[in-house]
Amino acid sequence: MCVGCTLLLFCNVGLTTSSFSVYQPYLIEIIGLSNTQASTVITIRTLCSMLAIPFVQKYIKICGLRRSLILMTVLAALSFFGFGFAKGFISCCAAAAMLGFCYGLGGTVSVSIAVKRSFTSHQTLALGICSAGTGLATIVWPPIATFFISNFSLRAALWFEALFLVAATFIALNLVGPQINTRPAELKQSDINAPRSRDERKRFILVLCAAFLIGAMGNTGWNHLSVLYSTEGADLRTVSRLISLVGLALTMGKVLFGEIADRIGGRRTAVIFCSILIMGEVLACFAPRLSMPLACASMLFMGIGLPISTVGFSSMAADLSTPGHYPSSLSNFQLSYMVGSFISGPIPGIIADRCGSYVPAYYALSVFALATLILIFCAYNVGRKEGKNDA
(Lines give C-alpha, C1' and ligand atoms only; values in the text may rest on other atoms or scores of the structure.)
Protein backbone atom coordinates (compact mmCIF):
# COMPACT_ATOMS: atom_id res chain seq x y z
CA MET A 1 0.00 0.00 0.00
CA CYS A 2 2.79 2.45 0.93
CA VAL A 3 4.74 1.61 -2.22
CA GLY A 4 1.67 2.13 -4.39
CA CYS A 5 0.75 5.45 -2.79
CA THR A 6 4.39 6.57 -2.93
CA LEU A 7 4.38 5.89 -6.68
CA LEU A 8 1.11 7.77 -7.11
CA LEU A 9 2.41 10.84 -5.28
CA PHE A 10 5.70 10.55 -7.19
CA CYS A 11 3.65 10.91 -10.38
CA ASN A 12 0.64 13.05 -9.45
CA VAL A 13 2.51 15.55 -7.26
CA GLY A 14 6.26 15.01 -7.65
CA LEU A 15 6.43 15.05 -11.44
CA THR A 16 3.63 17.57 -11.93
CA THR A 17 4.81 20.16 -9.38
CA SER A 18 7.90 19.41 -7.28
CA SER A 19 10.33 18.49 -10.08
CA PHE A 20 8.65 20.54 -12.80
CA SER A 21 10.68 23.62 -11.85
CA VAL A 22 13.67 22.08 -13.64
CA TYR A 23 11.89 22.86 -16.94
CA GLN A 24 11.39 26.56 -16.12
CA PRO A 25 14.71 27.81 -17.56
CA TYR A 26 14.20 25.70 -20.70
CA LEU A 27 10.68 27.05 -21.25
CA ILE A 28 12.28 30.49 -21.28
CA GLU A 29 15.38 29.56 -23.29
CA ILE A 30 13.98 27.06 -25.83
CA ILE A 31 10.28 27.88 -26.23
CA GLY A 32 10.92 31.60 -25.76
CA LEU A 33 8.66 32.47 -22.82
CA SER A 34 9.40 35.63 -20.83
CA ASN A 35 9.97 35.43 -17.07
CA THR A 36 6.42 36.63 -16.50
CA GLN A 37 4.97 34.08 -18.94
CA ALA A 38 6.96 31.25 -17.34
CA SER A 39 5.61 32.25 -13.93
CA THR A 40 2.10 32.49 -15.38
CA VAL A 41 2.31 28.91 -16.66
CA ILE A 42 2.88 27.84 -13.05
CA THR A 43 -0.01 30.08 -11.99
CA ILE A 44 -2.36 28.42 -14.48
CA ARG A 45 -1.42 25.03 -13.07
CA THR A 46 -2.05 26.35 -9.55
CA LEU A 47 -5.42 27.87 -10.54
CA CYS A 48 -6.66 24.56 -11.95
CA SER A 49 -5.49 22.75 -8.81
CA MET A 50 -7.36 25.31 -6.75
CA LEU A 51 -10.53 24.82 -8.79
CA ALA A 52 -10.28 21.02 -8.48
CA ILE A 53 -9.61 20.61 -4.75
CA PRO A 54 -13.14 21.57 -3.52
CA PHE A 55 -14.53 18.71 -5.63
CA VAL A 56 -12.14 15.99 -4.37
CA GLN A 57 -14.72 14.31 -2.11
CA LYS A 58 -17.44 14.37 -4.80
CA TYR A 59 -14.98 13.07 -7.40
CA ILE A 60 -13.95 10.21 -5.08
CA LYS A 61 -17.60 9.40 -4.35
CA ILE A 62 -18.40 9.14 -8.07
CA CYS A 63 -15.29 7.28 -9.28
CA GLY A 64 -14.14 5.47 -6.16
CA LEU A 65 -10.86 6.39 -4.48
CA ARG A 66 -8.71 3.83 -6.31
CA ARG A 67 -10.01 4.63 -9.78
CA SER A 68 -9.86 8.37 -9.19
CA LEU A 69 -6.14 8.18 -8.33
CA ILE A 70 -5.31 6.08 -11.39
CA LEU A 71 -7.26 8.36 -13.77
CA MET A 72 -5.26 11.37 -12.60
CA THR A 73 -1.99 9.59 -13.35
CA VAL A 74 -3.25 9.04 -16.90
CA LEU A 75 -4.12 12.75 -17.11
CA ALA A 76 -0.57 13.61 -16.00
CA ALA A 77 0.80 11.54 -18.88
CA LEU A 78 -1.44 13.38 -21.35
CA SER A 79 -0.31 16.74 -20.02
CA PHE A 80 3.38 15.96 -20.59
CA PHE A 81 2.59 14.82 -24.12
CA GLY A 82 0.91 18.22 -24.47
CA PHE A 83 4.00 20.06 -23.23
CA GLY A 84 6.04 18.10 -25.79
CA PHE A 85 3.89 19.52 -28.59
CA ALA A 86 3.83 23.05 -27.13
CA LYS A 87 5.28 25.81 -29.29
CA GLY A 88 4.22 28.90 -27.37
CA PHE A 89 2.63 30.42 -24.29
CA ILE A 90 -0.98 29.32 -24.94
CA SER A 91 -0.15 25.65 -25.54
CA CYS A 92 2.04 25.60 -22.41
CA CYS A 93 -0.88 27.01 -20.41
CA ALA A 94 -3.22 24.29 -21.74
CA ALA A 95 -0.81 21.52 -20.72
CA ALA A 96 -0.26 23.19 -17.33
CA ALA A 97 -4.03 23.22 -16.75
CA MET A 98 -4.12 19.42 -17.04
CA LEU A 99 -1.25 19.16 -14.56
CA GLY A 100 -3.27 21.30 -12.17
CA PHE A 101 -6.35 19.07 -12.25
CA CYS A 102 -4.10 16.05 -11.77
CA TYR A 103 -2.56 17.56 -8.63
CA GLY A 104 -5.89 18.76 -7.25
CA LEU A 105 -7.91 15.55 -7.69
CA GLY A 106 -5.21 12.88 -7.43
CA GLY A 107 -2.69 14.40 -5.06
CA THR A 108 -2.10 14.74 -1.34
CA VAL A 109 -5.73 14.96 -0.22
CA SER A 110 -6.76 11.74 -1.98
CA VAL A 111 -3.70 9.80 -0.82
CA SER A 112 -4.12 11.09 2.75
CA ILE A 113 -7.67 9.74 2.78
CA ALA A 114 -6.37 6.41 1.42
CA VAL A 115 -3.79 6.22 4.22
CA LYS A 116 -6.39 7.06 6.89
CA ARG A 117 -8.57 4.22 5.58
CA SER A 118 -5.72 1.70 5.40
CA PHE A 119 -3.77 2.28 8.65
CA THR A 120 -5.04 2.26 12.22
CA SER A 121 -1.73 3.35 13.85
CA HIS A 122 1.37 5.31 12.78
CA GLN A 123 -0.75 7.06 10.18
CA THR A 124 1.50 10.15 10.09
CA LEU A 125 4.59 8.01 9.49
CA ALA A 126 2.79 6.06 6.75
CA LEU A 127 1.76 9.31 5.08
CA GLY A 128 5.30 10.62 5.46
CA ILE A 129 6.65 7.56 3.66
CA CYS A 130 4.07 7.92 0.89
CA SER A 131 4.64 11.67 0.58
CA ALA A 132 8.36 11.03 0.21
CA GLY A 133 7.53 10.13 -3.38
CA THR A 134 7.20 13.84 -4.21
CA GLY A 135 10.69 14.55 -2.89
CA LEU A 136 12.04 11.44 -4.60
CA ALA A 137 10.80 12.84 -7.90
CA THR A 138 12.84 15.97 -7.32
CA ILE A 139 15.96 13.90 -6.61
CA VAL A 140 15.87 11.57 -9.58
CA TRP A 141 14.01 13.48 -12.29
CA PRO A 142 15.95 16.76 -12.80
CA PRO A 143 19.17 14.92 -13.81
CA ILE A 144 17.16 12.66 -16.14
CA ALA A 145 15.38 15.62 -17.71
CA THR A 146 18.65 17.55 -18.06
CA PHE A 147 20.31 14.53 -19.71
CA PHE A 148 17.51 14.15 -22.27
CA ILE A 149 17.40 17.89 -23.00
CA SER A 150 21.20 18.16 -23.38
CA ASN A 151 21.59 15.05 -25.54
CA PHE A 152 18.29 15.00 -27.42
CA SER A 153 15.73 17.77 -26.99
CA LEU A 154 13.21 19.31 -24.60
CA ARG A 155 10.45 17.43 -26.42
CA ALA A 156 12.25 14.09 -25.93
CA ALA A 157 12.51 14.72 -22.17
CA LEU A 158 8.82 15.59 -21.87
CA TRP A 159 7.67 12.62 -23.93
CA PHE A 160 9.90 10.22 -21.99
CA GLU A 161 8.26 11.51 -18.81
CA ALA A 162 4.82 10.91 -20.33
CA LEU A 163 5.73 7.30 -21.21
CA PHE A 164 7.01 6.75 -17.69
CA LEU A 165 3.68 7.95 -16.31
CA VAL A 166 1.81 5.48 -18.53
CA ALA A 167 3.95 2.62 -17.18
CA ALA A 168 3.50 3.87 -13.60
CA THR A 169 -0.28 3.77 -14.03
CA PHE A 170 -0.26 0.02 -14.62
CA ILE A 171 2.13 -0.62 -11.72
CA ALA A 172 0.09 1.46 -9.26
CA LEU A 173 -3.10 -0.28 -10.39
CA ASN A 174 -1.70 -3.58 -9.11
CA LEU A 175 -0.22 -2.21 -5.88
CA VAL A 176 -3.16 -0.20 -4.51
CA GLY A 177 -6.01 -2.53 -3.63
CA PRO A 178 -9.77 -1.86 -3.83
CA GLN A 179 -10.05 -1.84 -0.01
CA ILE A 180 -9.29 1.90 0.00
CA ASN A 181 -12.73 2.49 -1.51
CA THR A 182 -14.37 1.53 1.82
CA ARG A 183 -15.06 4.25 4.39
CA PRO A 184 -14.33 3.21 8.04
CA ALA A 185 -17.46 1.76 9.65
CA GLU A 186 -17.08 3.85 12.83
CA LEU A 187 -17.32 7.10 10.86
CA LYS A 188 -20.98 8.06 10.56
CA GLN A 189 -22.53 10.59 8.20
CA SER A 190 -23.76 12.55 11.23
CA ASP A 191 -20.13 12.99 12.35
CA ILE A 192 -19.26 14.46 8.96
CA ASN A 193 -22.21 16.86 8.95
CA ALA A 194 -21.89 17.95 12.60
CA PRO A 195 -21.04 21.65 13.10
CA ARG A 196 -17.58 22.62 14.35
CA SER A 197 -17.17 23.78 17.93
CA ARG A 198 -16.07 27.35 18.64
CA ASP A 199 -12.47 26.35 19.44
CA GLU A 200 -12.32 24.10 16.39
CA ARG A 201 -13.48 26.97 14.18
CA LYS A 202 -10.76 29.24 15.60
CA ARG A 203 -8.08 26.64 15.01
CA PHE A 204 -9.46 25.99 11.54
CA ILE A 205 -9.28 29.68 10.56
CA LEU A 206 -5.74 30.11 11.92
CA VAL A 207 -4.46 27.10 9.99
CA LEU A 208 -6.28 28.31 6.86
CA CYS A 209 -4.31 31.58 7.12
CA ALA A 210 -1.08 29.66 7.71
CA ALA A 211 -1.81 27.43 4.71
CA PHE A 212 -2.29 30.51 2.53
CA LEU A 213 1.15 31.82 3.50
CA ILE A 214 2.73 28.39 3.08
CA GLY A 215 1.37 28.32 -0.45
CA ALA A 216 2.90 31.73 -1.12
CA MET A 217 6.32 30.90 0.30
CA GLY A 218 6.49 27.14 -0.19
CA ASN A 219 4.97 26.39 -3.58
CA THR A 220 5.86 29.69 -5.25
CA GLY A 221 9.30 29.84 -3.67
CA TRP A 222 9.98 26.22 -4.60
CA ASN A 223 8.95 26.67 -8.22
CA HIS A 224 11.31 29.61 -8.68
CA LEU A 225 14.42 28.15 -7.08
CA SER A 226 15.89 27.11 -10.43
CA VAL A 227 15.44 30.55 -12.02
CA LEU A 228 16.58 32.25 -8.79
CA TYR A 229 20.04 30.72 -9.08
CA SER A 230 20.28 30.65 -12.89
CA THR A 231 19.43 34.38 -13.03
CA GLU A 232 22.24 35.07 -10.56
CA GLY A 233 24.74 33.32 -12.83
CA ALA A 234 24.72 29.65 -11.82
CA ASP A 235 24.99 27.23 -14.75
CA LEU A 236 22.04 24.95 -15.46
CA ARG A 237 23.84 21.77 -14.37
CA THR A 238 24.59 23.33 -11.00
CA VAL A 239 20.97 24.41 -10.71
CA SER A 240 19.85 20.86 -11.52
CA ARG A 241 22.06 19.51 -8.72
CA LEU A 242 20.64 22.05 -6.26
CA ILE A 243 17.08 21.05 -7.16
CA SER A 244 18.05 17.41 -6.64
CA LEU A 245 19.50 18.31 -3.22
CA VAL A 246 16.33 20.05 -2.09
CA GLY A 247 14.40 17.01 -3.31
CA LEU A 248 16.61 14.69 -1.25
CA ALA A 249 16.09 16.89 1.81
CA LEU A 250 12.33 16.97 1.14
CA THR A 251 12.21 13.18 0.94
CA MET A 252 14.02 12.80 4.26
CA GLY A 253 11.98 15.59 5.81
CA LYS A 254 8.64 13.92 5.09
CA VAL A 255 9.64 10.64 6.71
CA LEU A 256 11.19 12.52 9.63
CA PHE A 257 8.06 14.63 10.08
CA GLY A 258 5.88 11.53 10.23
CA GLU A 259 8.15 9.69 12.66
CA ILE A 260 8.69 12.72 14.93
CA ALA A 261 4.98 13.62 14.92
CA ASP A 262 4.07 10.08 16.01
CA ARG A 263 6.62 10.33 18.85
CA ILE A 264 6.30 13.89 20.23
CA GLY A 265 3.00 15.10 18.72
CA GLY A 266 2.00 17.31 15.83
CA ARG A 267 2.26 20.61 17.73
CA ARG A 268 5.97 20.44 18.53
CA THR A 269 6.79 18.87 15.19
CA ALA A 270 5.03 21.64 13.24
CA VAL A 271 6.90 24.35 15.17
CA ILE A 272 10.28 22.63 14.63
CA PHE A 273 9.82 22.11 10.91
CA CYS A 274 8.40 25.58 10.30
CA SER A 275 11.46 27.08 12.06
CA ILE A 276 13.74 25.06 9.76
CA LEU A 277 11.81 26.36 6.74
CA ILE A 278 12.39 29.95 7.87
CA MET A 279 16.15 29.35 7.80
CA GLY A 280 15.90 27.91 4.28
CA GLU A 281 14.00 30.93 2.95
CA VAL A 282 16.42 33.39 4.58
CA LEU A 283 19.49 31.62 3.13
CA ALA A 284 17.93 31.72 -0.35
CA CYS A 285 18.23 35.52 -0.16
CA PHE A 286 22.02 35.09 -0.38
CA ALA A 287 21.82 33.57 -3.89
CA PRO A 288 23.74 36.50 -5.53
CA ARG A 289 26.88 35.45 -3.67
CA LEU A 290 26.84 32.13 -5.58
CA SER A 291 28.26 30.47 -2.49
CA MET A 292 27.72 26.73 -2.81
CA PRO A 293 27.81 26.12 0.98
CA LEU A 294 25.07 28.74 1.48
CA ALA A 295 23.07 27.45 -1.51
CA CYS A 296 23.31 23.84 -0.29
CA ALA A 297 22.34 24.88 3.24
CA SER A 298 19.32 26.75 1.85
CA MET A 299 18.26 23.71 -0.18
CA LEU A 300 18.75 21.43 2.83
CA PHE A 301 16.74 23.55 5.26
CA MET A 302 14.03 24.37 2.75
CA GLY A 303 13.60 20.72 1.77
CA ILE A 304 13.43 19.51 5.37
CA GLY A 305 10.96 22.27 6.33
CA LEU A 306 8.60 22.01 3.35
CA PRO A 307 6.79 18.84 4.59
CA ILE A 308 4.75 21.27 6.69
CA SER A 309 2.72 21.75 3.48
CA THR A 310 2.04 18.02 2.91
CA VAL A 311 2.38 15.71 5.90
CA GLY A 312 1.98 18.78 8.12
CA PHE A 313 -1.48 19.63 6.78
CA SER A 314 -2.66 16.07 7.35
CA SER A 315 -1.21 16.09 10.87
CA MET A 316 -2.83 19.44 11.70
CA ALA A 317 -6.17 18.35 10.24
CA ALA A 318 -6.09 15.24 12.46
CA ASP A 319 -4.94 17.14 15.58
CA LEU A 320 -7.17 20.19 15.30
CA SER A 321 -10.38 18.72 13.85
CA THR A 322 -12.78 15.94 14.80
CA PRO A 323 -12.47 12.68 12.79
CA GLY A 324 -15.63 13.51 10.87
CA HIS A 325 -14.22 16.86 9.78
CA TYR A 326 -10.79 15.49 8.80
CA PRO A 327 -11.41 15.20 4.99
CA SER A 328 -13.05 18.63 4.73
CA SER A 329 -10.38 20.28 6.91
CA LEU A 330 -7.59 18.75 4.85
CA SER A 331 -9.28 19.77 1.58
CA ASN A 332 -9.75 23.32 2.81
CA PHE A 333 -6.14 23.56 4.01
CA GLN A 334 -4.98 22.39 0.58
CA LEU A 335 -7.35 24.85 -1.10
CA SER A 336 -6.03 27.76 0.97
CA TYR A 337 -2.51 26.61 0.14
CA MET A 338 -3.32 26.67 -3.57
CA VAL A 339 -4.99 30.10 -3.30
CA GLY A 340 -1.80 31.44 -1.75
CA SER A 341 0.20 29.82 -4.55
CA PHE A 342 -2.12 31.21 -7.20
CA ILE A 343 -2.09 34.79 -5.95
CA SER A 344 1.66 34.88 -5.42
CA GLY A 345 2.59 32.77 -8.48
CA PRO A 346 3.30 35.53 -11.05
CA ILE A 347 4.84 37.95 -8.53
CA PRO A 348 8.44 36.59 -8.52
CA GLY A 349 8.54 36.73 -12.32
CA ILE A 350 7.14 40.26 -12.37
CA ILE A 351 9.70 41.33 -9.75
CA ALA A 352 12.51 39.71 -11.76
CA ASP A 353 11.44 41.46 -14.98
CA ARG A 354 11.50 44.83 -13.21
CA CYS A 355 14.44 44.38 -10.81
CA GLY A 356 16.56 41.90 -12.75
CA SER A 357 16.59 39.47 -9.82
CA TYR A 358 14.32 37.09 -7.93
CA VAL A 359 16.03 37.85 -4.61
CA PRO A 360 13.61 40.63 -3.47
CA ALA A 361 10.77 38.10 -3.73
CA TYR A 362 12.59 35.80 -1.30
CA TYR A 363 12.85 38.63 1.24
CA ALA A 364 9.05 38.69 1.34
CA LEU A 365 8.83 34.89 1.48
CA SER A 366 11.09 34.88 4.56
CA VAL A 367 8.63 37.19 6.33
CA PHE A 368 5.75 34.90 5.31
CA ALA A 369 7.61 31.95 6.85
CA LEU A 370 7.90 33.73 10.19
CA ALA A 371 4.20 34.67 10.14
CA THR A 372 3.32 31.04 9.41
CA LEU A 373 5.19 29.86 12.50
CA ILE A 374 3.26 32.32 14.66
CA LEU A 375 -0.13 31.28 13.22
CA ILE A 376 0.52 27.55 13.69
CA PHE A 377 1.72 28.11 17.25
CA CYS A 378 -1.45 30.08 18.02
CA ALA A 379 -3.71 27.44 16.42
CA TYR A 380 -2.32 24.69 18.62
CA ASN A 381 -2.75 26.83 21.72
CA VAL A 382 -6.46 27.50 21.20
CA GLY A 383 -8.28 25.58 23.93
CA ARG A 384 -5.13 24.20 25.57
CA LYS A 385 -5.99 25.87 28.86
CA GLU A 386 -8.88 23.45 29.06
CA GLY A 387 -6.51 20.57 28.32
CA LYS A 388 -7.49 20.14 24.69
CA ASN A 389 -5.20 19.24 21.79
CA ASP A 390 -2.05 18.97 23.90
CA ALA A 391 -0.45 16.76 21.25
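The radius of gyration used here is taken over C-alpha atoms, and the globule rule is 2.2 Å times the number of residues to the power 0.38. With 391 residues, a compact globule would come out near 21 Å, and the chain has 20 Å, which agrees. Keep in mind that this is a predicted model: local features need pLDDT of at least 70, side-chain atom pairs count only at pLDDT 80 or more, and totals for chains, interfaces and linings use all residues. Residues are numbered from 1 along each chain as its sequence is written, and side-chain values use heavy atoms, with hydrogens and water left out.

**Overall build**
- You'll find 19 helices and zero strands in the chain (DSSP runs, H or I of at least four residues for helices and E of at least two for strands, numbered from the N terminus).
- Along its principal axes, the C-alpha trace spans about 55 × 40 × 30 Å.

**Packing**
- Of the 391 residues, 58% count as buried, meaning under 20% relative accessible area with a 1.4 Å probe, protein chains only.
- Take the contacts (heavy atoms within 4.5 Å) with a separation of 6 or more: residues 24 or more positions apart account for 84% of them.

**A look at T17**
- T17 sits in helix α1, which covers residues 2–18.
- At 8% relative accessibility, T17 counts as buried.
- A polar atom of the T17 side chain lies 2.5 Å from the backbone oxygen of V13.
- Leaving out residues up to four places away in sequence, T17 touches R45, Y103, W222 and N223.

Definitions and conventions. Buried means under 20% relative accessible area, exposed over 50%, partly exposed in between (1.4 Å probe, protein chains only). A polar contact is a pair of N or O atoms within 3.5 Å; within protein, one must be able to donate a hydrogen and the other to accept it, and residues adjacent in sequence count only if both atoms are side-chain atoms.
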